[in-house]
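Subject: Structure handover

Hi,

Here is the structure we talked about. Please open it next to this email, and my notes follow below.

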Number of protein chains: 4
Amino acid sequence: MTGIALLGAGRIGQVHAKAIAQAGATLVSVFDVMPQAAKAFGDKSGATVCASAEAAIHHPGVEGVLVATSTDTHVDLILAAAEAGKAVMCEKPIAPSLAEARRCINALGDKADRVFIGFNRRFDPGHAKVNAAVHNGDIGALEQLTVTSRDPYPPPLEYIPVSGGLFRDMMIHDFDIARWMLGEEIVKLSAEGTVAVDPEIGKLDDVDTAIVSMVSESGKQIVIINSRRAVYGYDQRIEAFGAKGMLISDNPSDTSVKWFGPDRFAAPDAYATFFMDRYTVSYRREIEAFVHMIQTGGKAPVTAKDGFMASYLAEAATLSNKWGRSIELDVTGLPTWSARTS
Amino acid sequence: MTGIALLGAGRIGQVHAKAIAQAGATLVSVFDVMPQAAKAFGDKSGATVCASAEAAIHHPGVEGVLVATSTDTHVDLILAAAEAGKAVMCEKPIAPSLAEARRCINALGDKADRVFIGFNRRFDPGHAKVNAAVHNGDIGALEQLTVTSRDPYPPPLEYIPVSGGLFRDMMIHDFDIARWMLGEEIVKLSAEGTVAVDPEIGKLDDVDTAIVSMVSESGKQIVIINSRRAVYGYDQRIEAFGAKGMLISDNPSDTSVKWFGPDRFAAPDAYATFFMDRYTVSYRREIEAFVHMIQTGGKAPVTAKDGFMASYLAEAATLSNKWGRSIELDVTGLPTWSARTS
Amino acid sequence: MTGIALLGAGRIGQVHAKAIAQAGATLVSVFDVMPQAAKAFGDKSGATVCASAEAAIHHPGVEGVLVATSTDTHVDLILAAAEAGKAVMCEKPIAPSLAEARRCINALGDKADRVFIGFNRRFDPGHAKVNAAVHNGDIGALEQLTVTSRDPYPPPLEYIPVSGGLFRDMMIHDFDIARWMLGEEIVKLSAEGTVAVDPEIGKLDDVDTAIVSMVSESGKQIVIINSRRAVYGYDQRIEAFGAKGMLISDNPSDTSVKWFGPDRFAAPDAYATFFMDRYTVSYRREIEAFVHMIQTGGKAPVTAKDGFMASYLAEAATLSNKWGRSIELDVTGLPTWSARTS
Amino acid sequence: MTGIALLGAGRIGQVHAKAIAQAGATLVSVFDVMPQAAKAFGDKSGATVCASAEAAIHHPGVEGVLVATSTDTHVDLILAAAEAGKAVMCEKPIAPSLAEARRCINALGDKADRVFIGFNRRFDPGHAKVNAAVHNGDIGALEQLTVTSRDPYPPPLEYIPVSGGLFRDMMIHDFDIARWMLGEEIVKLSAEGTVAVDPEIGKLDDVDTAIVSMVSESGKQIVIINSRRAVYGYDQRIEAFGAKGMLISDNPSDTSVKWFGPDRFAAPDAYATFFMDRYTVSYRREIEAFVHMIQTGGKAPVTAKDGFMASYLAEAATLSNKWGRSIELDVTGLPTWSARTS
């Protein structure tokens with residue numbers, strides 16, 4: 001069975017561990033900077049607890065390394081695992097800064113395509129079905145794309161300063177969705193952020209409500225709509241409009257129960273609480289894709305370059321919002337900012 | 001323009017009068033047993049107020065007669081209008097008793113096909129679309145039919161004794177829907193009625209909640225579900241299941257507004273209040289069909305025989321419920337009760 | 001960890017084995033009449049392969065016994081496991097005949113409440129939510145219940161003669177759903193079966209299309225609608241209508257993807273293929289309930305008496321259809337047929 | 001009865017004439033530059049055909065004037081009618097240019113509030129219900145507004161050059177919807193237009209696909225999405241997201257018929273063909289509002305200032321798209337362009 005090392009035994013690491021078992025792979029070794037956490041995890045999962053990330057990576061039987069540590073350690077661990085010849089899967093973002101992300105990809109060289117960045121939403125059954133249909137031409141040429149992404153409630157305030165801000169922390173998922181749906185790069189971007197949910201977030205120099213409009217290489221139009229709070233639940237929708245039709249990946253509901261009362265009609269449990277239940281299946285399918293990548297020796301379904309480009313767009317949106325104007329983007333190689341702005 | 005005489009200037013007569021105007025026909029004459037009502041109606045509509053039904057029928061310019069009087073007068077007025085060579089439209093039921101209905105049809109002879117019984121639900125756009133699709137073979141052979149019909153609230157208690165009971169007053173519409181969908185006759189029927197809504201209805205020897213299951217000539221299965229009260233609004237649905245698919249005519253909603261709040265999802269104005277708003281379009285289209293029938297000299301879309309058969313089924317259901325057993329039905333000619341029961 | 005013995009290593013046994021692992025219980029021992037099947041199963045699951053059912057039941061560490069063998073062996077295995085002091089879960093039906101089921105329950109005595117009959121649909125999240133809401137009074141007094149249950153396609157023809165017929169094999173699930181929703185017994189039943197799907201089924205003396213209408217002790221009305229074939233997928237719906245509202249457990253869909261094209265609107269993957277994917281979660285939750293029952297020493301959520309009553313209704317429906325008339329039911333003790341028929 | 005003069009007997013004039021009759025008002029006089037059209041219209045409606053607009057305005061019994069002529073004549077006719085002391089209703093836009101619109105409002109002075117600009121979508125039952133709920137605080141403070149508006153097919157190519165372009169001709173409706181929902185002014189706007197539907201439209205120096213993002217005085221975010229072609233029908237949706245919930249005015253469907261076949265689920269006639277059937281009710285309710293305004297002597301529900309502001313936003317979007325950058329807007333008085341751009 002496919003052997004995997006897990007670096008980082010926190011909440012998302014545990015989600016992955018469960019998915020690894022369900023995918024029929026084996027969690028061979030585990031490392032966490034907090035020995036207690038690693039120990040507890042090892043006891044429960046049967047994985048060997050290692051004293052260092054290096055030891056976990058090089059443990060006998062390890063073919064793939066899953067990086068689920070804090071963002072500032074991503075680059076070093078990706079490079080160590082790749083150097084050891086392992087397939088790598090790393091949580092988003094690839095690095096805490098664009099410069100670091102660029103250094104990582106340059107250092108990886110040919111191995112960059114064997115680093116799988118964990119944009120799990122690509123593996124959501126509804127989103128994936130729409131993506132496949134779009135690329136299959138079911139709605140003709142894609143012309144307008146609307147991505148709505150609203151969290152049920154904001155993160156703890158202490159997380160805000162280390163999050164990198166809404167565009168880098170939250171909207172980065174939607175930038176990846178956009179590139180995945182488009183199949184081409186974004187060349188222009190205009191971001192508007194505001195504080196509508198909690199003034200404390202504003203005091204921490206972040207926004208909690210944002211809209212970004214973008215244009216792609218061939219002129220397709222994209223809108224991303226974000227809020228840090230939606231009282232009706234986790235709101236995750238994609239609308240792809242094309243020459244021959246429209247596809248919507250709507251919010252799934254827990255059950256199909258409908259209630260009809262004096263106030264007429266209601267679906268009492270329409271939406272998921274948050275990403276852990278909304279994307280349970282995505283996390284499982286993502287790991288299956290990683291196991292498949294290990295077994296076949298193939299290319300990552302979401303590459304290090306994809307991870308870089310999502311971060312690049314998040315950076316651009318952060319600056320566009322700060323500067324109050326739209327930005328034209330360079331999309332050659334690993335781009336830096338264009339001098340052109342509008 | 002096509003000239004019409006209206007007999008009965010009550011609420012439903014006024015609905016028809018408005019539809020006549022919208023259909024581009026002319027209300028020529030009107031009669032009502034209450035002269036005040038007739039006068040008020042004539043002043044508003046411009047129709048000549050006549051002192052007798054006969055006078056209204058024979059008024060110059062009258063080509064069609066619309067009978068919207070009390071049920072006990074239907075037969076005489078239908079016969080008078082038909083004898084005068086007019087096209088006739090009459091509100092359901094055709095007569096207060098099966099014997100009277102039989103007398104009417106026998107007396108009409110060849111003219112029975114020019115008497116249009118006002119089962120307005122056949123003209124509902126949703127129901128009509130399902131009916132057309134079924135008869136077009138869109139779901140292959142029809143196998144099971146479910147008709148749900150629930151009123152928002154019961155009629156006034158004083159109406160119950162003169163209503164003929166739930167099966168003859170309310171379910172008669174659903175019997176007509178069933179025959180219309182099937183395109184063949186019912187040969188077996190089993191009715192169950194109970195009092196769940198208001199015990200006062202039970203004291204008046206009627207039921208307010210009923211289910212009837214039926215079998216048609218070729219073995220198709222039909223269920224009709226009735227209640228005199230639905231707190232969520234007027235509930236009128238048809239489900240047609242066949243070898244190649246299923247068609248549902250669901251309850252239409254006033255608007256497509258959706259509300260998403262902490263209790264998740266709701267469509268605040270899903271359903272119509274009652275038949276006047278639910279079937280507004282049906283009433284209009286029904287009159288258009290009547291005008292068309294007058295102009296073309298063609299057959300009624302719902303004939304006197306159809307009116308008889310719906311009454312026959314209502315009678316059978318009333319007896320099946322009373323006797324506590326199923327009844328086999330004779331369907332030749334204008335049937336009377338079969339000796340066979342099960 | 002809770003130890004379980006599995007009797008019967010066929011398809012449904014394998015579904016249960018997976019659910020046992022997910023529920024954190026341990027499959028200790030396994031027996032199957034086909035040694036090859038038992039061996040393969042043991043190799044895969046790690047359970048000890050036993051040479052007899054007795055050996056599997058008495059294997060050290062076994063606290064619960066899961067009976068997933070052919071129907072004719074159910075009673076003996078239930079009794080053997082109960083006698084050994086184990087909690088028992090048995091696939092429906094409890095026995096191949098009512099007489100056998102009665103013998104089983106009489107022999108069980110006090111232990112009948114520790115025998116869990118596997119009516120898995122009670123554990124479907126949507127159905128369970130409606131059931132809880134009904135019993136919580138959310139729609140006031142229940143008045144009318146409609147259960148629609150249509151398979152995507154008929155079973156193999158060779159299965160028909162050993163199935164017991166549609167009412168005992170397929171509709172038995174719906175009889176259990178009805179009793180569960182009502183919280184009281186059925187006192188009158190009228191069944192109509194016909195052959196609409198495949199004439200070969202008729203040649204084997206069975207029906208493939210059926211409607212049953214029923215009345216409960218307090219006068220509630222129930223309709224069950226069955227077909228052995230629905231081209232649009234597995235159709236499993238419950239509609240509960242009450243004094244204060246209506247609840248519907250509708251068919252869930254795989255995703256919430258919607259397609260809008262020139263032919264307007266479609267949800268391309270609305271329904272499950274069949275019970276294995278439709279009720280995946282139910283099977284898992286059912287086993288969790290069994291594990292919980294073992295751990296707490298409590299009463300089965302679906303008892304042997306429940307299993308008997310569903311079979312009793314299936315028997316009544318089979319006879320009602322055969323005799324062409326409705327049947328009044330005795331509901332005291334373990335009832336036999338009432339002399340009264342209607 | 002309330003007397004109305006109609007200026008312009010074209011297609012939209014005829015829609016209004018029908019609504020006037022249904023609203024119980026009287027069409028007293030009519031004028032059209034094409035005497036044939038006016039004559040035909042007069043014959044059909046019974047209105048007096050006048051040789052000049054002035055004559056129609058001053059015809060005895062006229063209390064309100066409905067301006068449905070070509071855009072270049074709007075200002076002169078509005079002023080003439082207002083000067084004559086009549087209530088005025090004028091089709092959008094108020095004038096062919098912002099300068100003309102400003103001249104009109106300045107000339108109207110106090111009478112500007114008695115000029116009703118025909119943004120009929122405000123009278124759509126679904127849109128109006130959402131608007132009322134938003135202003136009633138049902139979703140708390142409004143934070144993000146998305147308006148989607150797609151025509152089923154583009155206008156004839158010969159119309160493009162005289163249309164003023166997509167922003168002034170089509171999106172102007174959405175600008176008005178935005179201001180109506182917000183209850184405050186737009187202070188920043190960024191427009192992106194492209195040619196995706198028909199290259200011929202591009203050759204005529206217009207766009208057929210556009211997205212505009214905007215910010216309001218208090219920081220609310222608005223997105224408008226337009227396309228000149230949607231193969232699935234006329235697409236007109238509003239999504240209002242706020243602190244306490246979300247409201248959607250979705251596309252209504254003709255009926256509630258659903259079809260379930262081997263390809264699963266479809267609603268065969270989901271959407272309206274175009275504005276004439278989509279907004280039938282709106283046109284009727286709009287005229288009722290005009291009649292009510294005449295009878296009460298009250299303020300127009302959509303004023304000349306509203307008409308100016310929608311045109312101002314259309315102008316800004318046209319320029320933003322042309323210049324490739326966002327524009328900050330002055331919102332005091334009848335604004336001209338701010339020097340500030342971003």
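Start with D:His173, which counts as buried at 11% relative accessibility. Buried here means under 20% relative accessible area, exposed means over 50%, and partly exposed lies in between (1.4 Å probe, protein chains only). D:His173 lies in helix H9 of chain D, residues 171-182. Helices are DSSP runs of H or I with at least four residues, strands are E runs of at least two, and both are numbered from the N terminus. Leaving aside neighbours within four places in sequence, D:His173 is in contact with D:Lys92, D:Phe119, D:Asn120 and D:Arg121. Contact means heavy atoms within 4.5 Å.

Some ground rules. This is a predicted model, in which local features need pLDDT of at least 70, side-chain atom pairs count only at pLDDT 80 or more, and totals for chains, interfaces and linings use all residues. Residues are numbered from 1 along each chain as its sequence is written, chains are lettered from A and ligands numbered from 1 in the order in which they are written, and side-chain values use heavy atoms, with hydrogens and water left out.

Helix H9 of chain A

In chain A, helix H9 covers residues 172-182. How many of its residues are buried? The count is 11 of the 11, so H9(A) is largely enclosed by the rest of the structure. Among the buried residues are A:His173, A:Asp174, A:Asp176 and A:Arg179, along with A:Phe175 and A:Trp180. A:Gly183 follows H9(A), and its phi is positive, near 70 degrees.

Chain A overall

Chain A has 13 helices and 15 strands. Its radius of gyration is 20 Å, close to the 20 Å that the globule rule gives for 342 residues, so chain A is as compact as a globular protein of that length. That radius is taken over C-alpha atoms, and the rule is 2.2 Å times the number of residues to the power 0.38. The C-alpha atoms fill a box of roughly 60 × 55 × 45 Å along the principal axes. Of the 342 residues in chain A, 62% are buried. Take the contacts in chain A between residues at least 6 apart in sequence: 69% of them join residues at least 24 apart.

Helix H1 of chain D

D:Ala19 sits in helix H1 of chain D, residues 11-22. Is D:Ala19 buried or exposed? D:Ala19 is buried, with a relative accessible area of 4%. Not counting residues up to four places away in sequence, D:Ala19 touches D:Tyr283, D:Arg284 and D:Ile287.

D:Ile12 counts as buried at 19% relative accessibility. With the neighbours up to four places away left out, D:Ile12 touches D:Ala68, D:Glu91, D:Met276 and D:Tyr283.

Helix packing in chain C

In chain C, H1 (residues 11-22) packs with H12 (residues 280-296) at an angle of about 65 degrees, and their axes are 9 Å apart. Axes are lines fitted to C-alpha atoms, for helices over the stretch in contact, and angles run from 0 to 180 degrees between N-to-C directions. H1(C) brings C:Ile12, C:Val15, C:His16, C:Ala19, C:Ile20 and C:Gln22 to the contact. H12(C) brings C:Tyr283, C:Arg284, C:Glu286 and C:Ile287.

Best wishes
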